[in-house]
Amino acid sequence: MIVDSTRRGKRFPDSMSRTIPIWTCVLNRAIRDFKNDWDCSLNLPLWIPQTEKASIENRLDEWTQRLKDSGADIASIAACLRKPLRPLWISHKTVIWLNEVPHHDSWDFTPIILISASASASASASSSSGVSVSQQHRTTSEFSWNYIPGAGDDEESWARGLTPVLFWNHVYDIINAGPHLCNHMVADIVEKSRVNRAYRGENAPQITLKPTTSPSLSHQEPLCLSTNTADISGTHHELRITWLGSTNVALASSQIAADAVDIDCVLNCDRDSISVSLPSTEAYLHLPILGSKFDRFSLLNNLPSAVRFAKLNLSQGKRLLVCCHNGKASQLEYPLSIYEDIPWILIAADFSGEDISVCVCLAILMSLFDEKGNLTHKFA
(Lines give C-alpha, C1' and ligand atoms only; values in the text may rest on other atoms or scores of the structure.)
Protein backbone atom coordinates (compact mmCIF):
# COMPACT_ATOMS: atom_id res chain seq x y z
CA MET A 1 0.00 0.00 0.00
CA ILE A 2 1.45 3.36 -1.09
CA VAL A 3 0.01 6.78 -0.18
CA ASP A 4 0.91 9.96 -2.06
CA SER A 5 -0.58 13.30 -3.04
CA THR A 6 -0.28 15.87 -5.80
CA ARG A 7 -1.13 19.43 -6.73
CA ARG A 8 -4.62 20.87 -7.01
CA GLY A 9 -6.59 19.80 -10.07
CA LYS A 10 -5.06 16.31 -10.36
CA ARG A 11 -6.50 13.21 -8.77
CA PHE A 12 -3.33 11.09 -8.90
CA PRO A 13 0.35 12.09 -8.98
CA ASP A 14 2.52 10.98 -11.89
CA SER A 15 4.30 8.58 -9.55
CA MET A 16 1.08 6.56 -9.28
CA SER A 17 -0.22 6.91 -12.82
CA ARG A 18 3.11 6.28 -14.57
CA THR A 19 6.25 5.61 -12.49
CA ILE A 20 4.98 2.81 -10.24
CA PRO A 21 3.05 1.01 -13.02
CA ILE A 22 6.17 1.14 -15.21
CA TRP A 23 8.39 -0.32 -12.51
CA THR A 24 5.77 -2.92 -11.68
CA CYS A 25 5.88 -4.08 -15.30
CA VAL A 26 9.69 -3.99 -15.40
CA LEU A 27 9.91 -6.09 -12.24
CA ASN A 28 7.43 -8.60 -13.64
CA ARG A 29 9.50 -8.89 -16.81
CA ALA A 30 12.69 -9.48 -14.81
CA ILE A 31 10.97 -12.06 -12.58
CA ARG A 32 9.68 -13.96 -15.64
CA ASP A 33 13.17 -15.53 -15.97
CA PHE A 34 12.47 -17.37 -12.70
CA LYS A 35 8.73 -18.08 -13.13
CA ASN A 36 6.55 -19.83 -15.67
CA ASP A 37 3.31 -18.31 -16.98
CA TRP A 38 4.05 -14.91 -15.42
CA ASP A 39 1.89 -11.97 -16.57
CA CYS A 40 4.11 -9.07 -17.72
CA SER A 41 1.44 -6.75 -19.12
CA LEU A 42 1.78 -2.99 -18.71
CA ASN A 43 -1.16 -1.90 -16.53
CA LEU A 44 -1.78 1.83 -16.71
CA PRO A 45 -4.84 3.80 -15.53
CA LEU A 46 -7.53 4.38 -18.16
CA TRP A 47 -6.82 8.12 -18.46
CA ILE A 48 -3.32 7.56 -19.91
CA PRO A 49 -3.49 8.04 -23.73
CA GLN A 50 -2.78 5.05 -25.96
CA THR A 51 0.01 6.94 -27.71
CA GLU A 52 1.80 7.45 -24.39
CA LYS A 53 1.26 3.82 -23.45
CA ALA A 54 2.79 2.72 -26.77
CA SER A 55 5.79 4.98 -26.18
CA ILE A 56 6.33 3.43 -22.75
CA GLU A 57 6.03 -0.11 -24.09
CA ASN A 58 8.76 0.60 -26.63
CA ARG A 59 11.25 1.19 -23.81
CA LEU A 60 10.28 -1.66 -21.45
CA ASP A 61 12.87 -4.10 -22.84
CA GLU A 62 15.63 -1.51 -22.36
CA TRP A 63 14.61 -0.78 -18.78
CA THR A 64 14.28 -4.47 -17.93
CA GLN A 65 17.77 -5.18 -19.20
CA ARG A 66 19.19 -2.24 -17.23
CA LEU A 67 17.55 -3.67 -14.08
CA LYS A 68 19.13 -7.06 -14.70
CA ASP A 69 22.54 -5.50 -15.35
CA SER A 70 22.35 -3.45 -12.14
CA GLY A 71 23.04 -6.51 -9.99
CA ALA A 72 19.71 -6.40 -8.18
CA ASP A 73 18.81 -9.61 -6.36
CA ILE A 74 15.83 -10.44 -8.57
CA ALA A 75 15.93 -14.12 -7.56
CA SER A 76 15.05 -13.25 -3.95
CA ILE A 77 12.16 -11.07 -5.10
CA ALA A 78 10.89 -13.86 -7.34
CA ALA A 79 11.03 -16.32 -4.45
CA CYS A 80 8.83 -14.03 -2.32
CA LEU A 81 6.12 -13.50 -4.92
CA ARG A 82 3.51 -16.10 -5.80
CA LYS A 83 1.61 -13.92 -8.29
CA PRO A 84 2.55 -11.07 -10.66
CA LEU A 85 2.42 -7.50 -9.41
CA ARG A 86 -0.39 -5.21 -10.54
CA PRO A 87 -1.30 -1.67 -9.40
CA LEU A 88 -4.78 -0.66 -8.20
CA TRP A 89 -5.80 3.00 -7.84
CA ILE A 90 -7.94 4.44 -5.03
CA SER A 91 -8.86 8.11 -4.51
CA HIS A 92 -11.53 10.15 -2.69
CA LYS A 93 -13.87 9.45 -5.62
CA THR A 94 -13.44 5.68 -5.52
CA VAL A 95 -16.54 3.73 -4.51
CA ILE A 96 -15.94 0.24 -3.11
CA TRP A 97 -18.71 -2.17 -2.11
CA LEU A 98 -17.00 -4.32 0.51
CA ASN A 99 -19.45 -7.20 0.14
CA GLU A 100 -18.60 -7.43 -3.59
CA VAL A 101 -14.81 -7.48 -3.26
CA PRO A 102 -13.54 -11.05 -3.79
CA HIS A 103 -11.10 -12.56 -1.32
CA HIS A 104 -7.52 -11.70 -2.19
CA ASP A 105 -6.60 -15.38 -2.43
CA SER A 106 -8.81 -15.63 -5.52
CA TRP A 107 -6.97 -12.82 -7.32
CA ASP A 108 -4.51 -13.86 -10.01
CA PHE A 109 -2.10 -11.03 -9.11
CA THR A 110 -0.40 -9.39 -6.13
CA PRO A 111 -2.02 -5.96 -5.67
CA ILE A 112 -0.01 -2.78 -5.19
CA ILE A 113 -2.68 -0.46 -3.79
CA LEU A 114 -2.03 3.17 -4.74
CA ILE A 115 -3.98 5.60 -2.54
CA SER A 116 -4.13 9.25 -3.53
CA ALA A 117 -4.71 11.66 -0.64
CA SER A 118 -5.21 14.61 -2.99
CA ALA A 119 -8.20 16.86 -2.35
CA SER A 120 -11.38 16.04 -4.21
CA ALA A 121 -12.58 18.19 -7.08
CA SER A 122 -15.04 20.04 -4.82
CA ALA A 123 -12.30 20.84 -2.33
CA SER A 124 -10.05 22.07 -5.14
CA ALA A 125 -12.84 24.29 -6.42
CA SER A 126 -13.36 25.74 -2.97
CA SER A 127 -9.65 26.39 -2.64
CA SER A 128 -9.58 28.13 -6.02
CA SER A 129 -12.42 30.38 -4.88
CA GLY A 130 -10.41 31.56 -1.88
CA VAL A 131 -11.30 28.98 0.80
CA SER A 132 -8.23 27.02 1.72
CA VAL A 133 -8.44 23.25 2.04
CA SER A 134 -6.80 23.43 5.44
CA GLN A 135 -9.58 25.72 6.66
CA GLN A 136 -12.23 23.33 5.34
CA HIS A 137 -10.73 20.41 7.21
CA ARG A 138 -9.77 22.22 10.39
CA THR A 139 -10.68 20.39 13.56
CA THR A 140 -10.69 21.33 17.22
CA SER A 141 -7.44 19.42 17.75
CA GLU A 142 -4.02 21.07 17.45
CA PHE A 143 -3.44 19.68 13.97
CA SER A 144 -5.92 18.89 11.20
CA TRP A 145 -5.92 15.66 9.23
CA ASN A 146 -5.23 17.55 6.01
CA TYR A 147 -2.54 15.74 4.00
CA ILE A 148 0.42 18.00 3.12
CA PRO A 149 2.45 16.94 0.04
CA GLY A 150 6.11 16.47 0.80
CA ALA A 151 5.70 16.42 4.58
CA GLY A 152 7.33 12.99 4.76
CA ASP A 153 10.62 14.54 3.68
CA ASP A 154 10.87 16.74 6.78
CA GLU A 155 9.52 14.55 9.54
CA GLU A 156 11.60 16.40 12.12
CA SER A 157 9.03 19.21 11.90
CA TRP A 158 6.05 17.03 12.82
CA ALA A 159 7.11 13.60 14.15
CA ARG A 160 7.82 14.98 17.65
CA GLY A 161 10.68 12.53 18.16
CA LEU A 162 8.67 9.49 17.08
CA THR A 163 10.67 6.97 15.03
CA PRO A 164 9.25 4.33 12.66
CA VAL A 165 10.07 1.55 15.13
CA LEU A 166 8.37 3.36 18.01
CA PHE A 167 5.34 4.11 15.83
CA TRP A 168 4.76 0.51 14.78
CA ASN A 169 5.35 -0.76 18.31
CA HIS A 170 2.61 1.56 19.62
CA VAL A 171 0.49 2.12 16.50
CA TYR A 172 -2.81 1.07 18.08
CA ASP A 173 -2.20 3.10 21.24
CA ILE A 174 -1.58 6.20 19.12
CA ILE A 175 -4.61 5.66 16.91
CA ASN A 176 -6.93 4.86 19.82
CA ALA A 177 -5.79 8.02 21.62
CA GLY A 178 -7.67 10.10 19.03
CA PRO A 179 -6.73 13.52 17.65
CA HIS A 180 -6.98 15.35 20.97
CA LEU A 181 -4.68 13.04 22.95
CA CYS A 182 -2.40 11.96 20.11
CA ASN A 183 0.39 14.45 20.88
CA HIS A 184 0.29 13.59 24.58
CA MET A 185 0.51 9.88 23.78
CA VAL A 186 3.45 10.41 21.40
CA ALA A 187 5.30 12.54 23.97
CA ASP A 188 4.81 9.82 26.61
CA ILE A 189 6.05 7.07 24.25
CA VAL A 190 9.10 9.07 23.15
CA GLU A 191 10.08 9.99 26.72
CA LYS A 192 9.73 6.40 28.01
CA SER A 193 11.88 5.16 25.13
CA ARG A 194 14.50 7.81 25.90
CA VAL A 195 14.60 6.87 29.59
CA ASN A 196 14.96 3.17 28.75
CA ARG A 197 17.84 3.87 26.36
CA ALA A 198 19.54 6.10 28.92
CA TYR A 199 19.18 3.36 31.56
CA ARG A 200 20.93 0.94 29.20
CA GLY A 201 23.76 3.43 28.67
CA GLU A 202 22.78 4.29 25.10
CA ASN A 203 22.77 7.73 23.55
CA ALA A 204 19.43 9.29 24.58
CA PRO A 205 19.33 13.03 23.98
CA GLN A 206 16.38 15.04 25.23
CA ILE A 207 13.84 15.76 22.48
CA THR A 208 13.31 19.51 22.00
CA LEU A 209 10.39 20.77 19.94
CA LYS A 210 10.62 23.98 17.90
CA PRO A 211 13.80 25.48 19.32
CA THR A 212 13.76 29.27 19.35
CA THR A 213 17.39 30.02 20.00
CA SER A 214 20.60 29.17 18.21
CA PRO A 215 24.24 30.08 18.61
CA SER A 216 25.63 32.67 16.27
CA LEU A 217 26.99 31.37 12.99
CA SER A 218 29.87 33.84 12.98
CA HIS A 219 32.34 35.41 15.35
CA GLN A 220 32.14 38.72 13.51
CA GLU A 221 30.31 41.62 15.08
CA PRO A 222 27.48 43.07 12.97
CA LEU A 223 28.62 46.36 11.50
CA CYS A 224 25.37 48.02 10.53
CA LEU A 225 22.08 46.55 11.62
CA SER A 226 21.43 45.29 15.11
CA THR A 227 18.22 44.25 16.81
CA ASN A 228 16.53 46.05 19.63
CA THR A 229 13.88 44.06 21.40
CA ALA A 230 11.05 45.83 23.18
CA ASP A 231 9.22 43.64 25.68
CA ILE A 232 5.69 44.99 25.90
CA SER A 233 4.47 42.49 28.46
CA GLY A 234 7.34 42.68 30.94
CA THR A 235 6.78 39.04 31.91
CA HIS A 236 6.92 36.75 28.87
CA HIS A 237 10.00 36.55 26.63
CA GLU A 238 7.97 35.72 23.51
CA LEU A 239 5.73 38.78 23.72
CA ARG A 240 8.03 41.27 22.07
CA ILE A 241 8.72 43.49 19.09
CA THR A 242 12.13 43.20 17.45
CA TRP A 243 13.45 46.26 15.62
CA LEU A 244 15.99 45.77 12.83
CA GLY A 245 18.52 48.42 13.76
CA SER A 246 17.65 51.93 12.56
CA THR A 247 15.70 50.78 9.50
CA ASN A 248 12.28 51.56 11.05
CA VAL A 249 11.32 47.94 10.27
CA ALA A 250 10.19 45.66 13.10
CA LEU A 251 9.06 42.05 13.58
CA ALA A 252 6.43 40.62 15.88
CA SER A 253 3.67 38.06 16.05
CA SER A 254 0.15 39.02 14.97
CA GLN A 255 -1.00 38.85 18.58
CA ILE A 256 1.55 41.47 19.61
CA ALA A 257 0.90 43.64 16.55
CA ALA A 258 -2.74 44.06 17.53
CA ASP A 259 -1.70 45.82 20.76
CA ALA A 260 1.53 47.48 19.61
CA VAL A 261 2.17 51.14 20.26
CA ASP A 262 4.58 53.61 18.59
CA ILE A 263 3.86 51.95 15.24
CA ASP A 264 2.80 53.95 12.17
CA CYS A 265 1.86 51.09 9.82
CA VAL A 266 1.39 47.32 9.92
CA LEU A 267 2.03 44.69 7.24
CA ASN A 268 0.12 41.59 8.34
CA CYS A 269 1.24 38.35 6.64
CA ASP A 270 -1.00 36.14 8.76
CA ARG A 271 -3.84 34.14 7.27
CA ASP A 272 -6.34 36.01 9.43
CA SER A 273 -6.77 39.76 9.63
CA ILE A 274 -6.30 41.59 12.94
CA SER A 275 -7.76 44.72 14.49
CA VAL A 276 -5.19 47.49 14.85
CA SER A 277 -5.31 51.10 16.00
CA LEU A 278 -3.65 53.17 13.28
CA PRO A 279 -4.06 56.74 11.97
CA SER A 280 -5.70 55.58 8.71
CA THR A 281 -6.87 52.45 6.90
CA GLU A 282 -4.07 52.93 4.35
CA ALA A 283 -1.56 52.27 7.13
CA TYR A 284 -2.64 48.63 7.35
CA LEU A 285 -2.09 45.97 4.66
CA HIS A 286 -3.24 42.39 5.04
CA LEU A 287 -1.52 39.83 2.79
CA PRO A 288 -2.74 36.32 3.76
CA ILE A 289 0.44 34.45 2.80
CA LEU A 290 0.23 30.67 3.11
CA GLY A 291 3.12 28.40 4.02
CA SER A 292 4.98 26.65 1.22
CA LYS A 293 3.40 23.30 2.05
CA PHE A 294 -0.05 24.67 1.26
CA ASP A 295 0.83 27.03 -1.59
CA ARG A 296 4.43 27.20 -2.74
CA PHE A 297 3.81 30.36 -4.79
CA SER A 298 1.91 32.33 -2.13
CA LEU A 299 4.97 34.12 -0.74
CA LEU A 300 6.40 34.83 -4.19
CA ASN A 301 3.12 36.26 -5.47
CA ASN A 302 2.68 38.57 -2.47
CA LEU A 303 6.22 39.93 -2.16
CA PRO A 304 5.79 42.73 -4.74
CA SER A 305 2.79 44.14 -2.84
CA ALA A 306 4.67 43.86 0.44
CA VAL A 307 7.72 45.70 -0.89
CA ARG A 308 5.57 48.46 -2.45
CA PHE A 309 3.73 48.99 0.83
CA ALA A 310 7.01 49.10 2.75
CA LYS A 311 8.58 51.56 0.31
CA LEU A 312 5.56 53.88 0.40
CA ASN A 313 5.67 54.14 4.19
CA LEU A 314 9.41 53.92 4.90
CA SER A 315 10.12 56.67 2.37
CA GLN A 316 7.91 58.94 4.52
CA GLY A 317 9.88 58.10 7.66
CA LYS A 318 7.15 55.89 9.10
CA ARG A 319 7.77 52.92 11.38
CA LEU A 320 6.68 49.60 9.84
CA LEU A 321 5.76 46.47 11.77
CA VAL A 322 5.74 43.19 9.83
CA CYS A 323 3.88 40.37 11.55
CA CYS A 324 2.61 36.84 11.04
CA HIS A 325 1.09 34.18 13.29
CA ASN A 326 4.48 32.78 14.25
CA GLY A 327 6.57 35.92 14.58
CA LYS A 328 8.75 34.76 17.44
CA ALA A 329 12.20 36.25 17.03
CA SER A 330 15.63 34.93 17.85
CA GLN A 331 18.87 36.63 16.92
CA LEU A 332 21.03 35.16 14.19
CA GLU A 333 23.63 36.73 11.93
CA TYR A 334 23.43 36.36 8.15
CA PRO A 335 26.12 37.53 5.70
CA LEU A 336 24.86 39.94 3.07
CA SER A 337 27.69 38.94 0.76
CA ILE A 338 30.69 36.63 0.58
CA TYR A 339 33.01 39.64 0.39
CA GLU A 340 34.77 40.70 3.60
CA ASP A 341 34.17 44.42 3.12
CA ILE A 342 30.40 43.99 3.10
CA PRO A 343 28.89 44.19 6.61
CA TRP A 344 26.65 41.63 8.23
CA ILE A 345 22.99 42.07 8.97
CA LEU A 346 21.66 40.91 12.32
CA ILE A 347 18.10 39.83 11.61
CA ALA A 348 15.36 38.13 13.60
CA ALA A 349 14.62 34.55 12.64
CA ASP A 350 12.23 31.88 13.80
CA PHE A 351 14.00 28.52 13.76
CA SER A 352 10.81 26.49 13.40
CA GLY A 353 10.98 27.50 9.75
CA GLU A 354 7.45 28.87 9.72
CA ASP A 355 8.05 32.62 10.13
CA ILE A 356 6.81 34.19 6.92
CA SER A 357 7.41 37.70 8.28
CA VAL A 358 11.17 37.04 8.34
CA CYS A 359 11.11 36.26 4.61
CA VAL A 360 9.11 39.43 3.91
CA CYS A 361 11.51 41.55 6.00
CA LEU A 362 14.48 40.08 4.16
CA ALA A 363 12.88 41.00 0.81
CA ILE A 364 12.26 44.54 2.08
CA LEU A 365 15.85 44.94 3.29
CA MET A 366 17.31 43.63 0.03
CA SER A 367 15.00 45.76 -2.14
CA LEU A 368 14.96 49.07 -0.30
CA PHE A 369 18.23 49.30 1.66
CA ASP A 370 21.87 49.39 0.67
CA GLU A 371 24.63 47.30 2.25
CA LYS A 372 25.10 49.92 5.00
CA GLY A 373 21.49 49.78 6.08
CA ASN A 374 20.46 53.08 4.50
CA LEU A 375 17.15 53.49 2.69
CA THR A 376 17.72 53.90 -1.05
CA HIS A 377 15.36 54.98 -3.82
CA LYS A 378 17.20 53.42 -6.71
CA PHE A 379 14.43 50.82 -7.11
CA ALA A 380 11.82 53.46 -7.93
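S91 counts as buried because its relative accessible area is 11%, where buried means under 20%, exposed over 50% and partly exposed in between, using a 1.4 Å probe and protein chains only. In this predicted model, S91 sits in the loop between β2 (85-90) and β3 (110-116). Strands here are DSSP runs of E with at least two residues, helices are runs of H or I with at least four, and both are numbered from the N terminus.

What does S91 touch, leaving aside its neighbours within four places in sequence? Its contacts (heavy atoms within 4.5 Å) are with R11, F12 and S116.

## Where α1 meets α3

Helix α1 (residues 14-31) and helix α3 (residues 60-69) have axes that come within 9 Å and cross at roughly 65°. Those axes are lines fitted to C-alpha atoms over the stretch in contact, with angles running from 0 to 180 degrees between N-to-C directions. The crossing is right-handed, as the near helix is turned clockwise from the far one by less than a right angle. On the α1 side, the contact uses I22, W23, C25, V26, L27, R29 and A30; α3 brings L60, D61, W63, T64, L67 and K68. Sorted by class, that gives nine nonpolar, one polar and three charged residues. Nonpolar covers Ala, Val, Leu, Ile, Met, Phe, Trp, Tyr, Cys and Pro, charged covers Asp, Glu, Lys and Arg, and the others, Gly among them, are polar.

Q65 is also in helix α3. Buried or partly exposed: which is Q65? Q65 is partly exposed, with a relative accessible area of 39%.

## The chain overall

The chain's secondary structure comes to eleven helices and eleven strands. Of its 380 residues, 37% count as buried. Among contacts with a separation of 6 or more, 61% join residues 24 or more positions apart.

pLDDT, the predictor's confidence in each residue from 0 to 100, averages 75 over the chain, and 71% of the residues score at least 70.

Residues are numbered from 1 along each chain as its sequence is written, and side-chain values use heavy atoms, with hydrogens and water left out. Local features need pLDDT of at least 70 and side-chain atom pairs count only at 80 or more, while totals for chains, interfaces and linings use all residues.
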